[in-house]
Amino acid sequence: MTDSTAPQSAPEHRTVLLRGGDVHSPADPFATAMVVERGHVAWVGSEGAADAFAGGVDDVVDLEGALVTPAFTDAHVHTTATGLALTGLDLSGARTLADALDLVRAFANSHPAERVLLGHGWDAARWPERRHPSRAELDAAAGGRALYLPRIDVHSAVVTTALLDLVPGVAAMTGYHPDAPLTGAAHHAVRSAAHGALSRRQRADAQRAALRHAASLGIGTVHECAGPDISDEEDLTGLLALAAEQPGPRVFGLWAEQVTDEKSARRIRELGAIGAAGDLFVDGSLGSHTACLHEPYADAPHTGTAHLDAAQIAAHVTACTEAGLQAGFHAIGDAAVSAVVEGVRAAAETLGLARIRAARHRVEHAEMLTPETVAAFAELGLTASVQPAFDAAWGGTEGMYAQRLGVERAGTLNPYAALLRAGVPLAFGSDSPVTPLDPWGTVRAAAFHRTPEHRISVRAGFTAHTRGGWRAIGRDDAGLLVPGAPADYAIWRTDDLLVQAPDDRVARWSTDPRSGTPGLPDLTPGAELPVCLRTVVFGQTVYVRPNE
């Protein structure tokens with residue numbers, strides 16, 4: 001891919017003609033060229049018609065056969081934690097408990113000046129020992145220093161004695177266990193202490209690292225899921241300020257705190273958040289045995305933890321709707337999802353269904369759905385903000401979900417095809433750092449779901465990861481390359497384009513030129529994923545692959 005002019009250092013809007021590639025656009029399924037002007041798509045069309053624009057633009061980009069698509073939107077990200085995982089102690093690759101302890105020991109030795117050591121990503125379900133690190137083992141590995149190690153799902157954590165000493169009264173808090181992962185209030189308290197040890201510079205550096213990484217993957221927008229039980233107000237406001245000041249992906253903030261009246265709604269807006277949504281916890285996670293279930297876990301004699309009931313959910317949705325704010329919740333277990341449906345339905349009875357639907361409230365994760373709750377999502381206009389990589393990581397007959405729930409219940413999780421058939425809007429994300437930022441891998445995970453009946457087409461998954469994220473925040477004019485849309489796009493090196501769908505008859509027709517269906521890269525497991533060459537946000541280049 002070559003550019004006829006050198007990059008511009010000033011953030012001015014230039015008129016650019018891209019030509020000689022494939023442009024993924026519903027405006028023209030066979031488009032090979034696109035004009036960008038003043039931060040928006042001005043024209044999409046064929047190579048022959050592009051000649052008419054060549055003399056009147058500032059720059060001409062020869063795509064050299066590359067693919068141009070809308071930039072991805074990751075609808076669920078924890079930006080600071082993602083940056084810390086990228087630059088700090090990452091245990092996601094540890095194959096055994098011993099490996100994990102060795103990594104802790106090496107990290108502690110190489111960071112002698114850090115007051116609190118931060119890590120991420122351990123998953124005992126993947127280790128042959130099938131147990132978490134003990135406090136004594138962590139104390140020894142960390143050399144007696146304060147260490148915070150959340151489980152991969154970030155709903156529980158193991159810590160050292162030195163970190164507990166920084167939290168007076170922690171032993172009396174809900175979720176405290178003398179030598180088991182901390183959950184609930186105890187976990188939130190130690191997390192607050194650990195993150196409170198970060199300097200403002202450390203936070204900003206982590207945020208920059210995360211946004212740079214997102215841009216390198218063709219991600220043009222992220223939804224930051226913040227809240228008092230996850231981070232703090234300074235973390236959110238600092239991130240939003242940083243994103244506004246420097247070139248990079250757009251950041252839309254969600255703040256997960258209950259709204260009771262106009263005053264509390266105004267406070268959400270003052271933080272810069274667009275909704276009282278994201279990880280407002282109705283329950284926890286399956287991996288930590290804290291997702292709230294109707295029936296007990298297969299490997300534990302309880303049904304998890306409920307943080308909000310239907311009445312509290314109804315009050316939040318009602319207050320948010322009246323204030324013109326988007327409401328949303330974290331709900332994974334079937335009992336938690338049922339509580340959300342009951343609460344939102346009660347709000348609809350108070351305010352009217354039309355007002356609830358127009359607000360586009362959202363549910364994060366929404367993993368354990370039934371035909372009844374899927375239908376309710378469609379009726380109430382709820383967006384399902386989901387993470388297909390969860391299924392890739394923990395689905396299947398031998399995965400963690402099957403361990404927690406049994407094979408039969410696990411096989412019902414993440415029913416993307418049923419959601420689409422019912423007309424439920426989907427927005428794809430990663431929940432990074434729970435699973436990595438990986439947009440094409442996310443689409444692949446949905447298209448090749450471990451449960452075949454839940455699979456969707458690559459095109460549907462791609463739409464959920466581009467336009468779906470914009471629709472989730474009330475924008476219908478973005479996430480696609482048509483005249484008038486924001487010029488948020490990525491350029492990819494990839495092999496031949498095709499149409500992939502779970503039903504082979506659909507796939508065969510869609511590849512027929514008469515169908516007018518634009519192709520996408522081959523995402524068959526094992527196939528090489530596209531490589532991002534450039535990412536552009538509102539007409540401004542925010543990433544260029546080195547040596548391209």
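The legends below describe close-up views of a predicted model.

**View 1. Helices α7 and α8 cross in a right-handed manner.** Two packed helices are described by the angle between their axes and the distance between the axes. Helix α7 spans residues 200-216 and helix α8 spans residues 233-245, and their axes come within 10 Å of each other while crossing at roughly 55 degrees. Because this angle lies between the limits of 35 degrees for roughly parallel and 65 degrees for roughly perpendicular, α7 counts as oblique to α8. On the α7 side the contact is formed by R200, R203, A204, Q207, R208 and L211, which meet E234, D235, G238, L239 and L242 of α8. Sorted by class, the residues of this contact comprise 4 nonpolar, 2 polar and 5 charged.

**View 2. Helices α18 and α19 also form a right-handed crossing.** The axes of α18 (residues 439-447) and α19 (residues 458-465) approach within 9 Å and cross at roughly 135 degrees, which means that α18 is oblique to α19.

**View 3. Two cysteines, C292 and C532, are buried.** C292 counts as buried because its relative accessibility is 12%, under the limit of 20%, and C532, with a relative accessibility of 5%, is likewise buried. A search for disulfides across the whole structure finds 0.

Terms used. Residues numbered from 1 in each chain as written. Predicted model: local features only at pLDDT ≥ 70, side-chain atom pairs only at ≥ 80, totals over all residues. Heavy atoms only, no water. Disulfide = S-S within 2.5 Å. Buried < 20%, exposed > 50% of the residue type's maximum accessible area, 1.4 Å probe, protein only. Axes fitted to C-alpha atoms, helices over the stretch in contact; angles between N-to-C directions. Helix = DSSP H or I, 4+ residues; strand = E, 2+ residues; numbered from the N terminus. Parallel < 35°, antiparallel > 145°, perpendicular 65-115°, else oblique. Left-handed = near helix turned anticlockwise from the far one by under 90°. Contact = heavy atoms within 4.5 Å. Nonpolar A, V, L, I, M, F, W, Y, C, P; charged D, E, K, R; others polar.
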